Each structure stands twice: as C-alpha cells, then as structure tokens.
Amino acid sequence: MSCFRTLIILLICLAAGGSAASMRPEMVRVALFKGAETLRIDGDGVLLTDGREPLRVEMPLEVRRLGSGLSVNGRPVDRLVASAFSRISVNGKGYRALIEVSPADKGLLVVNELPLEEYLVGLINCEISSAWPIEAIKAQAVIARSYAVYQMQARRGQSYQLESSVMDQVYEGADVEDSRAAYGVRETAGEVLTYNGKTIQAFYHSNCAGHTENSRNVWGLSIPYLQGVSCRYCSESNPIRWELNLPLKKVENSLKAAGFQVAGLRDLRVRGRNASGRVQDVVAECSRGSVVIPGVAFRKALGYGVVKSTNFELRSQRDELQVSGTGSGHGVGLCQWGAKGRANEGFDYREILTYYYPGVKLSGGYGR
C-alpha cells in the first residue's frame, strides 16, 4: 500500500473518531468505468497524486489514455489517484474517499476505493427505494454487504472486487445517498449472512412472481441456502407482468449468435417447467429439425432486459414471436418485492432473511 493511500485511510479513520488501529474501516474497491475513453474529474479539496508524488494541476481534470499511461490536462502520468473528505465528481457523479484511474487493455479503468459501509449507503437506492419499509432496507443492506464480502474474499488481490453494474451490484455513489439508506446500513453495521461459518453468496432479484428459484436450475450448482421458497408477497406488492412481440428472424439471429443451430426457424414452444414454475426448455422448430434450448439460455440469448424472467409463455404468429411472462430477474435468493411485502406485514429483517435463505445465520463483524 502506498504512503499516500495509507495517509488517506488514516484521515478517514480519524474523521470518524477514534484511533486508526481501532477504527480502520473495511475497504472495498469498486470498478466504476471500464474502457472509458475520457474522464472529467472535479471537486473541492481534492488531493492528487500520480501514484508516487503529489500532482499539482488545476481542476477540473480531463483524463485520457496516453500510450501506456495517462494524460491529465495534457500532462503525462503513469496513473492518477484522487481523494477528498467530502466527494469527488467523476463525469458528473459524486463519489467518496478515493478514485484511482489507470490504463486498461482498452481505454481507462476507474476504481472507487472506499469504506464498505459507505459503499452500501450509495447502493440502497440503486437496488431498491429507501422509501420502502425500514425492515426491507435493513434486509437489503445485509444481503448487499454479504454479497460484497463474499466477492472481496473471492477476488482478493485483484485490481477491484466489485463492478458497479448488474454484473455485481448497482452502485452510483454519493449522489443517491439519503438518511433512510444510511440508517438501514448503520442499524445492521457489519452484519452478514453465513452458512457453516462462511459468508454466503447472497444472490437476490427484483420479483420472483410467486416462487424463488433453485440455483441448480440457473447455474447448474445446487447451493443449500438457495433452494427456492414460496413467495406470495411479491405479487401483492408489485405484480410484474410483461409482454412483447419479436420478429422471428431477430430471434433466430440472437439464438445463432449464442451458438444454437436454428437456421430456418419456424416456431418456438415451451417444453416442461421446473418446481418453481419456470421454463425448463424451449423447443425450436427449424428447417433441419428440432433444437432444444434450456430456458435460462434462451433468456440470455434474447437479452435479460427483453425476456425479464424465465417464467414465460411463447406463441408464434406468422413471422413474429409473442413472449409474455411474469416476474423480473433470475429468481434466486431474496425477492426484493417479496421482502417489501413481508416488511409491510410486520416481519423484521431477520425473519425476512432467514426465510429467503433457509439455514443461514446472521453474524456480526463481517462474519469473522
């Protein structure tokens, strides 16, 4: 760890009160941008370094890739580290603590290093709404912390542990923080879910449409605490129903791009459903016969934002395919709208969590 980063972490600890030894926060590294062509960095009281020495340039900064390094307002540097007590603006969004910019295989890699608990406050309103019942907010804080701690352990030593998108958890920094999000995080500080003494991979999704999914049906791996449970509360809170019409030729092209031999696609139909009611397989009738496509692979090929879940029906009409379904997301783990409904019914966050993740324990101190 560089002297500069050590100094910044020390200052963060002291700003929170107490000694560095007793107050050093758990730090997480989150990738904000991967492959960015250019960045604009601004803010008051921002300290800059090129990774070794203080960097004296005027704000705002324009950062570009330059050979094997960077250009900062036209000045070549190996990399850029920026920190502030309040916030740093990156392409118009505010972030806390420390921003690190380095050259990547393509463009720029931008990483936000900050205390884990502050990361969670900037995540709540990206994943749910802080206007939801406080017990649902606490539940979201615990599962987001659990997921983050699991990834931090799995990706230890890498340039970052989490992405700021749906690839991991959606995080948009300081601008979306508010007092209810902060309260939910503070009231559950350090708490994670564990199974057999280890922090769990706390998957979650938006709306399960009545029954959460077994992890084996999605990823081919059976995990004891991700077996699927009945959930009536999400349909009462937010009965997500969706429908779309897709040109059959577009569907054919998408499936071909995913590696399925479906030339001359004429028809598609659902074949079989699993215990949660989701599609097991899709049969594609093509010019050279039938092709069986797993429901999960079918959804991935057409796009997660297009086919919102694997709880769908198919209907071919001439040169179009009608897809209609319920729910949103992969269905594994906690159902966010179900958690909201259960919180409205008076369940506390501990009851919510142990329902959606059977057999887990709530542990303090990041599971240590």
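**Sheets, salt bridges and enclosed space in a predicted model**

In this predicted model, strand β18 and strand β19, the latter covering residues 320-326, run antiparallel and are joined by six bridges. Within this pairing, Ser316 has Leu321 of β19 as its bridge partner. The two strands belong to an open sheet of three strands, whose order is β14-β19-β18 and whose pairing is antiparallel. Because β14 (241-247) and β18 stand at the edges and each has a single partner strand, one side of each is left without a neighbour in the sheet. On average, neighbouring strands of this sheet are turned by 15° against each other when direction is ignored.

Another open sheet of three strands is found in the order β15-β16-β17, and here too the pairing is antiparallel. The edges of this sheet are taken by β15 and β17 (289-294), each of which has a single partner strand, so that one side of each is left without a neighbour in the sheet. From one strand to the next, the twist averages 25°. Strand β16, which covers residues 279-286, runs antiparallel to β17 and is joined to it by six bridges; among the paired residues, Cys286 has Gly289 of β17 as its bridge partner. As a general point, the strands of a sheet pair through backbone hydrogen bonds, and this pairing may be either parallel or antiparallel.

Contacts between charged side chains were examined next. In general, side chains of opposite charge can pair when their charged atoms come close. A search of the whole structure finds 16 salt bridges, and several of them are described here. Glu113 forms a salt bridge with Arg29, in which the closest N and O atoms are 2.8 Å apart. This pair links distant parts of the chain, since Glu113 lies in strand β9 (residues 108-115) and Arg29 lies in strand β1 (residues 27-36), 84 residues apart. Glu113 has a relative accessible area of 7% and is therefore counted as buried, the cut-off for this class being under 20%. Arg29, with a relative accessible area of 13%, is likewise buried. Both residues also take part in a network of salt bridges that links Arg29, Arg79, Glu100 and Glu113.

A further salt bridge is formed by Arg52 and Asp78, with the closest N and O atoms 3.1 Å apart. This pair, too, links distant parts of the chain: Arg52 is in the loop between β3 (47-49) and β4 (61-66), while Asp78 is in the loop between β6 (75-77) and β7 (80-90), 26 residues apart. Arg52 is exposed, with a relative accessible area of 57%, whereas Asp78 counts as partly exposed at 44% relative accessibility.

Strands from the two sheets described above are connected by the salt bridge between Glu313 and Arg273, whose closest N and O atoms are 3.2 Å apart. Glu313 is in strand β18 (residues 312-317) and Arg273 is in strand β15 (residues 267-273), so the pair links distant parts of the chain, 40 residues apart. Glu313 counts as partly exposed, at 46% relative accessibility, and Arg273 is also partly exposed, with a relative accessible area of 34%.

Empty space within the model was considered last. Rolling a probe the size of a water molecule over the atoms shows where such space is left. A search of the whole structure finds one cavity of 30 Å³ or more, and about 30 Å³ of space lies in the largest cavity. The lining of this cavity consists of Ile128, Trp132, Ala136, Ala139, Gln140, Ile143, Leu334, Gln336 and Ala339. Two or more of the lining residues come from each of α4 (134-154) and α10 (336-344), and α4 gives the most, with four residues. By class, the lining of the largest cavity is made up of seven nonpolar residues, two polar residues and no charged residues.

The largest pocket has a volume of about 950 Å³. It is lined by 29 residues, of which Val166, Asp168, Tyr204, Gly329 and His330 lie nearest its centre. The elements that give two or more residues to this lining are α3 (116-127), α4, β13 (204-205), α6 (215-219) and α9 (295-302). In the pocket, the lining includes 11 nonpolar, 12 polar and six charged residues, whereas the lining of the largest cavity has no charged residues.

Technical notes. Residues are numbered from 1 along each chain as its sequence is written. This is a predicted model: local features need pLDDT of at least 70, side-chain atom pairs count only at pLDDT 80 or more; totals for chains, interfaces and linings use all residues. Side-chain values use heavy atoms; hydrogens and water are left out. A salt bridge is a side-chain nitrogen of Lys or Arg within 4 Å of a carboxyl oxygen of Asp or Glu. Buried means under 20% relative accessible area, exposed over 50%, partly exposed in between (1.4 Å probe, protein chains only). On a 1 Å grid over the protein atoms alone, a cavity is a set of points where a 1.4 Å probe fits but cannot get out, and a pocket is an open set with protein on both sides within 12 Å along at least five of seven lines; lining residues have an atom within 4 Å of a point. Grid points are joined across faces, edges and corners, and a volume is the space filled by probe spheres set on the points. Ala, Val, Leu, Ile, Met, Phe, Trp, Tyr, Cys and Pro count as nonpolar, Asp, Glu, Lys and Arg as charged, and the others, Gly among them, as polar. Two strands pair if DSSP finds at least two bridges between them. Axes are lines fitted to C-alpha atoms, for helices over the stretch in contact, and angles run from 0 to 180 degrees between N-to-C directions.
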